[in-house]
Every structure is written in structure tokens, then in C-alpha cells.
Amino acid sequence: MKNPLTIMAAAAAVTLAAGCAPKAQTPDIIPFPNSLEMHGGTFNAAGATFYCTGIDDPLTLAAVEKFAGELSLASGMTSKVETGTSGKGIGFITDPSLPDEAYRIDVKKSGVKVKASSLNGFIYALQTLRQMLPVEIYGHKTAADKDWSLPCLTINDAPRFAYRGMHLDVSRHFFSTDEVKKYIDMMSIHKMNTLHWHLTDDQGWRIEIRKYPRLTEVGSIRKGTVIRKEWDRYDGIPYGGYYTQEQIKDVIEYAAAQGITIIPEIDLPGHMLAALTAYPKLGCTGGPYEVWGRWGVADDVLCAGNEETMVFLENVLAEVAELFPSEYIHIGGDECPKVRWEKCPVCQAKIQELGLKDDGDFNAEHYLQSYVMERMEKFLATKGKKIIGWDEILEGTPGPDATVMSWRGSGGGIKASKMGHDVIMVPNSYFYFDYYQAPDTENEPFGIGGYVPIEKVYSYDPYTEITEPEARKHILGIQANLWTEYIATNAHLEYMALPRQAALSEVQWCQPAVKDWDRFLSSLSHEAAMYDIMGYNYAKTVFQIISKVSVNHDRNCVEVELSTQGDAPIRYTLDGSMPDHNSTLYTEPVGVTGGTTIKAIVERDNMNTRLYSQTFCENAAMGRPVTLLTEPQGRYTFGAPDSFVDGLRGSREFGSGSWSGWYETPMGAVIDMGGETRYSSVALGTLVDKGNDIFPPVNVIVSTSDNGADFTEAGRVSIDVPGEKDPDGIVDYTVSFPETAARYIKITAETVTSMPAWHARGGAPGFLFVDEIIVK
């Protein structure tokens with residue numbers, strides 16, 4: 001006998017403007033299936049009976065019933081769910097031959113068959129079916145006047161990467177369980193399967209540990225929070241919050257029903273001020289400590305030489321391991337200063353006991369951290385768990401089975417994969433979603449800095465840099481991080497995630513041959529309609545003007561390419577005036593050879609759009625070939641060397657992508673001026689941001705040559721190391737000399753090798769950041 005489970009539809013009817021793509025066209029699906037074949041005709045899904053064959057998993061049955069209920073409500077016609085042999089409606093059939101997360105959809109005029117071998121496969125198939133229907137399927141209201149037919153097609157789909165994650169920091173700012181569940185919903189829409197839940201940090205401990213109640217009684221509350229980046233001003237408002245273990249179990253179950261595993265992070269041995277405030281004896285100095293109200297990296301960390309500290313960590317991780325069913329537990333390992341350990345007699349005694357020594361790669365304190373991480377890895381192995389650590393765990397001896405999460409660019413992931421470690425790629429320049437997503441930051445919510453537009457997210461492929469087949473086998477997948485220092489509300493959180501999360505999903509899911517920026521961009525109209533009806537707050541940057549500035553060495557100019565979502569017209573001016581409907585229509589890249597300001601607008605009905613404005617400085621070297629003599633520090637390469645001659649000046653944010661940084665090595669470059677242009681000065685555009693270890697150069701030396709081999713010094717300037725109270729900012733250091741038309745210019749700049757004693761990291765090297773080399 002078949003067991004009918006009738007899902008009754010509601011009576012209310014609401015008509016909305018948004019709808020799905022015409023059935024003859026390829027449907028708008030994000031992430032796009034890796035194999036899709038269109039056929040002629042449609043199948044009317046409204047009122048169709050759902051048949052479940054060979055499915056005994058209650059979570060899968062619940063997911064099918066949920067979709068049937070949504071369709072019944074939205075279409076105004078009741079869909080029943082039955083178990084047993086498939087009929088002529090929509091059949092869900094277990095197929096053990098399919099890989100774990102794969103699914104197959106066959107839509108014919110006579111019916112639909114959906115096949116998968118697991119909960120996740122069926123969930124992804126359901127998400128694909130939803131996206132092929134009118135967006136009202138997401139709206140919990142009836143829209144009987146819409147076309148509820150599915151296009152006839154065949155989809156064979158499976159993800160490219162097994163690990164497809166999003167990270168959520170709830171320590172800097174706390175989010176309720178309902179808000180976390182909404183975040184999980186967002187992930188499910190985009191076929192992601194892992195939530196990395198950052199539960200502890202200097203600014204607050206957010207998980208109940210029953211053996212140590214003061215972690216939440218004391219460690220979850222800070223006295224106040226720094227105001228923006230005014231480091232000496234605090235709001236004086238106590239801030240806190242934490243999750244009970246019962247609440248966490250509820251969230252875990254909610255995520256599991258959507259095929260999402262939650263990996264908790266207990267960040268250690270650094271980022272532990274909240275724990276130290278609760279239990280001061282776990283630190284090197286014994287305190288007193290305070291839950292931090294500011295952002296950054298605190299010098300106070302757990303005392304690695306204290307056996308009581310190790311017992312504390314094992315007890316905490318034991319409760320975490322019992323609470324979370326995930327295969328992995330993330331134990332941090334990032335940004336752990338060693339200054340306390342260097343002076344702590346207990347830590348130094350442990351170093352002696354373990355026989356740890358400085359070597360050519362790292363000092364003994366780095367190996368002491370490795371001892372802590374490896375000990376926790378071995379302990380968690382007894383609980384059936386594996387560890388993940390940030391890429392700093394490579395600074396020493398990472399445990400043999402540790403998985404590395406590479407965030408400081410791709411370098412850590414490349415190194416780890418070649419060492420045989422599994423890797424999750426999270427390079428900050430592509431996947432830090434707390435970074436700005438628009439260049440006009442004055443029109444964006446205040447943020448930490450950086451610049452990661454949606455097109456950059458979409459452009460990433462880990463195999464571009466990891467080419468060896470053996471190393472590629474260790475790339476488990478890709479994740480984006482959402483740190484919340486400056487994100488205090490759920491609306492802001494959603495704004496920073498969407499629609500960049502959609503771009504991330506295609507990087508995680510789609511094979512390279514399937515990724516298509518133009519197709520993705522076109523589908524964002526449908527995606528935005530989904531967000532609207534679900535009530536998500538998303539950034540509309542992609543519906544504004546997207547610009548791409550590139551150097552054309554053949555024409556010795558800079559080309560500006562303007563685009564926008566869809567086919568909306570773009571109008572622009574080059575004289576700094578405000579564009580309007582009568583301004584030049586953009587049809588091809590605009591060439592820039594000197595100082596100018598491009599202003600542009602996109603013309604859209606029913607949407608306010610921002611003015612695009614980009615100023616280019618006067619630079620005789622614009623578009624000229626540049627050769628680097630020394631390489632920037634890996635994760636701060638950005639656009640070098642072309643960015644030095646593109647006419648664009650950087651902002652005060654060193655991570656914006658406009659700056660290239662040198663560390664522990666002089667900056668050096670040669671510009672080919674062609675031999676015809678006359679000039680008499682060269683300016684090096686630099687950033688001074690002492691709090692972030694960014695200092696002026698010690699000197700700037702300019703030399704010229706006619707043959708590119710024999711250089712003669714034309715001039716130099718020496719720069720004093722700034723004092724603690726000297727202002728930060730963008731500073732140009734100009735070297736002037738008698739006018740010349742020498743073909744080649746060599747510019748070198750020496751970096752600060754030892755920051756002054758007044759600095760928090762006095763004695764350590766400083767960075768030099770450069771945005772432009774201006775020749776006049």
C-alpha cells in the first residue's frame with residue numbers, strides 16, 4: 001500500500017512581478033549544473049503527486065515533503081507525497097550507483113524523475129527544481145497565476161569540490177540561533193555543505209563548556225567595544241552572548257536537515273583573552289586580563305608550558321567533540337604572538353624539556369606552538385576527530401594528519417598540499433567577505449577595509465597555482481570567511497555575504513568548462529528576485545557599473561572596461577562632468593593616456609544607481625612596461641608591476657588591492673620609457689600606516705640608462721623613520737634631477753629593517769607599500 005501524506009495549500013493569493021526564465025531558454029540556476037541538456041516541451045508541476053521510491057531516510061522524506069508543501073502553497077494546487085513505485089508525477093528515486101552528492105533530474109512531458117544516493121544529492125536536486133520554478137516558490141504565499149511548469153531537460157550534476165564552506169565569526173559580534181539558521185538557509189540555497197563556526201576569540205567566548213562555567217559567565221562579556229577604528233575610544237556598553245549546549249544541538253540538527261555539517265572552531269593557543277579573563281592562571285603573567293574590546297592581535301596567549309593549560313584545552317575539546325558530530329574540529333593556530341613565551345620561565349622550561357631549538361626556519365617558540373597543536377591533534381584523535389588549523393601551523397611542524405586552511409593568500413595551501421596535507425583554500429584576497437565589495441567605500445557600510453568585488457570571487461581557481469596532480473588531490477575545497485569586527489547586525493551580515501556567496505558557490509561547484517561569467521551575471525536578476533522574496537538584504541553593486549582597469553603595453557595606455565548586469569546602457573564622460581542620457585554611450589574599452597576623470601552611469605528602470613567615478617593621475621610612465629627587480633611579499637603582490645603605471649592612486653586601506661607590499665627586502669623596479677619622453681622627476685607613492693607595521697622607505701634611489709644594463713644614479717632622497725605621533729597617510733617621495741630622455745628608469749627603495757622601540761613590535765621589520773611610480 002502507498003501511504004499518502006497530503007499537504008494542504010493555503011488560500012491567500014498574491015501576485016508579484018518576478019518570474020522564472022521562459023521555458024525554451026536555459027533556466028537560471030546558480031550554481032549551474034555541470035551537465036544540462038534542454039529538450040522541447042514542459043511538465044506542469046502544479047498539483048503533481050510526489051512519489052518516493054527506495055527512500056527510508058527521514059531527513060530526505062522531510063525535505064521532499066517540505067518542497068511539496070511549498071509548491072502546493074505557491075501554485076494553489078495540492079501536491080500529495082506518496083511512498084512506493086513512481087507514478088506519472090514527480091518521482092524521487094534512490095540510485096546507489098550515483099556518487100554521494102550527485103543527482104540526476106529528467107523532466108519529460110509525462111513526468112519528472114529525480115535520482116540521488118544520499119540526502120545531500122536529493123537536497124541539491126530540490127534546490128535546482130526550485131530555481132527552475134517562479135521565484136514565488138520561496139515566498140510562502142499563493143501565486144496561482146504563475147506558470148508552474150518545468151522545462152523538459154536532463155541534468156546530471158555533482159560538485160567539483162567535496163568541501164564547500166562558509167565561515168561565521170560570532171565572537172566579535174554575536175548572532176542569535178535564529179540568525180545562524182538564516183545563514184544556514186543562505187548556504188543551502190547555494191548548495192554548500194559546511195559551516196565553519198568561529199565560536200571563541202579575544203572578544204568573547206560563545207559556547208557553553210560545563211566544566212568551566214566562567215568561560216561564559218565572565219568570558220562572554222566585554223565591557224565595551226572600540227568605536228570604528230578610533231583605537232582609544234570605546235562605547236562603554238557591555239556586550240555579550242553565548243549559546244547553551246542545547247541551543248547548539250538545535251542548530252546542528254537544523255543544519256543536518258539541509259545537508260550541512262557544522263565544524264566548530266576553538267581558536268588556540270592565541271586569540272584566548274576571553275578564556276584568560278575567566279581563568280587568569282592559564283596565562284603566562286597571571287593577569288589581570290580583560291575580554292578585549294578592540295580588534296587585532298593580543299600579545300597575551302595561553303601559557304604553553306603550563307600543564308594545567310593543556311588539561312584545560314583537553315577538557316574543553318572533549319565537550320566540543322561530544323557535542324559536534326563533525327569529522328573535524330578547527331583548533332585555530334593563527335596569529336599567536338610569542339613575546340610572552342619568550343619571557344615566561346614556565347614556557348622556557350618546557351622548551352628545554354622538549355629539546356626545542358631555533359633553526360634556520362623558525363625559533364624554538366614556534367616549535368612550542370607546534371607541540372601544543374600536535375598534542376591537541378593526538379587528543380582529538382582519541383575522540384575520533386581530525387583537526388583543521390590556519391596556515392600558521394606550517395610555521396613549525398604541523399601534525400601528520402592536520403588539514404591546513406590557507407588564508408594568507410594561496411602560498412600556505414600550495415606548500416601544505418606539496419607536503420601531503422589536505423587543504424581548504426580561503427585566500428583573503430578572494431574570499432574574505434568582510435572586505436568591501438565596492439570601490440566607493442564612502443557609500444558602503446563601514447568595514448575593516450580590503451576590496452573583494454564579486455567578479456574577483458568568481459575568477460578564482462585553486463588549480464591555477466597548484467598544478468601538480470598529487471598536490472591537487474589534497475585540495476578538499478574552498479571556503480569564504482565572514483569576520484564580524486565591523487558587522488554587528490544580521491542585515492549587515494547578509495549584505496556582505498550576498499550575492500558574493502552566489503559567485504563562491506560556482507567556484508566550489510562548477511567545473512572550469514562550465515563556469516561562465518556572462519551567464520552567471522545574467523542569472524543574477526533571477527537570484528536577486530529570490531533574495532527579495534525571501535527578505536534577504538543583499539548588495540546591489542553588481543547592478544551598478546563594474547570596471548576593469550588594465551595596462552595595454554602595445555598602446556602605452558590604460559584601458560578602462562565598463563560593464564553591468566544585463567543589457568542596461570552605460571553613459572560616460574571624460575572631462576569630469578556629470579553624465580546623463582545625452583552623454584557618450586559606452587560601446588568599447590576607453591583608452592586613458594594621462595590625467596583624467598571618467599564618470600559613468602548605468603540607466604535602469606525602477607532602480608537607483610550610483611555614479612561611477614575614477615580619477616587617473618598624470619603620469620608620463622602610464623602604460624609603460626615595468627620589470628620587477630625584487631618580488632613583493634606573496635599575499636601583497638596584487639597588481640604589481642602594472643599597477644605602478646596605471647594612473648590609479650590607492651586608498652588608506654592597505655588590503656584594497658591597490659597596494660603592493662615589500663617585507664625584509666628592498667623594492668626594485670625598472671620602467672621602459674621608450675626613449676622619447678623627457679622627464680625630470682620620479683615619485684614613489686607610498687602608504688604609512690604604522691599600526692599595521694607599514695612604514696616609509698629608508699630611501700628612494702632613481703637611476704637611468706639608455707641600454708637597460710648600465711645605470712647611472714640620477715638622484716636619491718633619504719627618509720627619517722617617523723615618530724609615534726607623526727601622522728599616517730599616503731605620502732609621495734619625489735626624486736628630482738636634470739631633464740633627460742633616457743629610456744630606462746630604475747627605482748629602488750629600502751625597507752625599514754627594524755621598527756622603532758616605541759612600536760608594539762619594535763625591532764621587527766616593517767612593510768613598504770607602493771601604489772604608483774609617477775614620472776613627470
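**Questions on a predicted protein chain**

Modeller: The protein chain exposes about 30400 Å², and carbon and sulfur atoms supply 49% of it. This is a predicted model.

Biologist: What makes the size of the protein chain agree with a compact globule?

Modeller: For 776 residues, a compact globule would have a radius of gyration near 28 Å, and the protein chain has 29 Å, so the two agree. Its C-alpha trace spans about 95 × 75 × 50 Å along the principal axes. Of the 776 residues, 58% count as buried.

Biologist: How many helices and strands are there in the protein chain?

Modeller: The protein chain has 17 helices and 36 strands. Residues 24 or more positions apart account for 72% of its contacts with a separation of 6 or more.

Biologist: How many positive and negative side chains does the protein chain have?

Modeller: There are 69 positive and 102 negative side chains, and the centres of the two sets lie 4 Å apart.

Biologist: How do you know how many disulfides to count?

Modeller: A disulfide needs a pair of cysteine sulfur atoms within 2.5 Å. By this rule the count comes to zero. For C284, the nearest cysteine sulfur is that of C344, 3.7 Å away, and C284 is in no disulfide. For C347, the nearest cysteine sulfur is also that of C344, at 3.7 Å, and C347 is likewise in no disulfide.

Biologist: Why does C347 count as buried?

Modeller: Buried means under 20% relative accessible area. C347 has 0% relative accessibility, so C347 counts as buried.

Biologist: Why is helix α15 described as largely enclosed?

Modeller: Helix α15 covers residues 490–497, and seven of its eight residues are buried, so the rest of the structure largely encloses it. The buried residues are N490, H492, L493, E494, Y495, M496 and A497. They pack against β9 (163–169), α3 (177–189) and α16 (500–509).

Biologist: What makes D300 buried or exposed?

Modeller: The relative accessible area of D300 is 17%. The cut-off for buried is under 20%, so D300 is buried. D300 sits in the loop between α6 (273–278) and α7 (307–323). Leaving aside neighbours within four places in sequence, D300 is in contact with L273, L276, T285, Y289 and R340. The C-alpha atoms of D300 and W341 are separated by 9.4 Å, with the two residues 41 apart along the chain.

Biologist: Which form, cis or trans, does the peptide bond from L268 to P269 take?

Modeller: Most peptide bonds are trans. The bond from L268 to P269 is cis, with omega near -5°. P269 lies in the loop between β15 (261–268) and α6. The peptide bond from A640 to P641 is cis too, with omega near 5°. P641 is located in the loop between β28 (626–628) and β29 (660–663).

Technical notes:
Residues numbered from 1 in each chain as written. Predicted model: local features only at pLDDT ≥ 70, side-chain atom pairs only at ≥ 80, totals over all residues. Heavy atoms only, no water. Helix = DSSP H or I, 4+ residues; strand = E, 2+ residues; numbered from the N terminus. Rg over C-alpha atoms; globule rule 2.2 N^0.38 Å. Buried < 20%, exposed > 50% of the residue type's maximum accessible area, 1.4 Å probe, protein only. Contact = heavy atoms within 4.5 Å. Areas by Shrake-Rupley, 256 points an atom, 1.4 Å probe, with all protein chains shown as cover. Lys, Arg positive; Asp, Glu negative; His and termini not counted. Charge placed at Lys NZ, Arg CZ, Asp CG, Glu CD.
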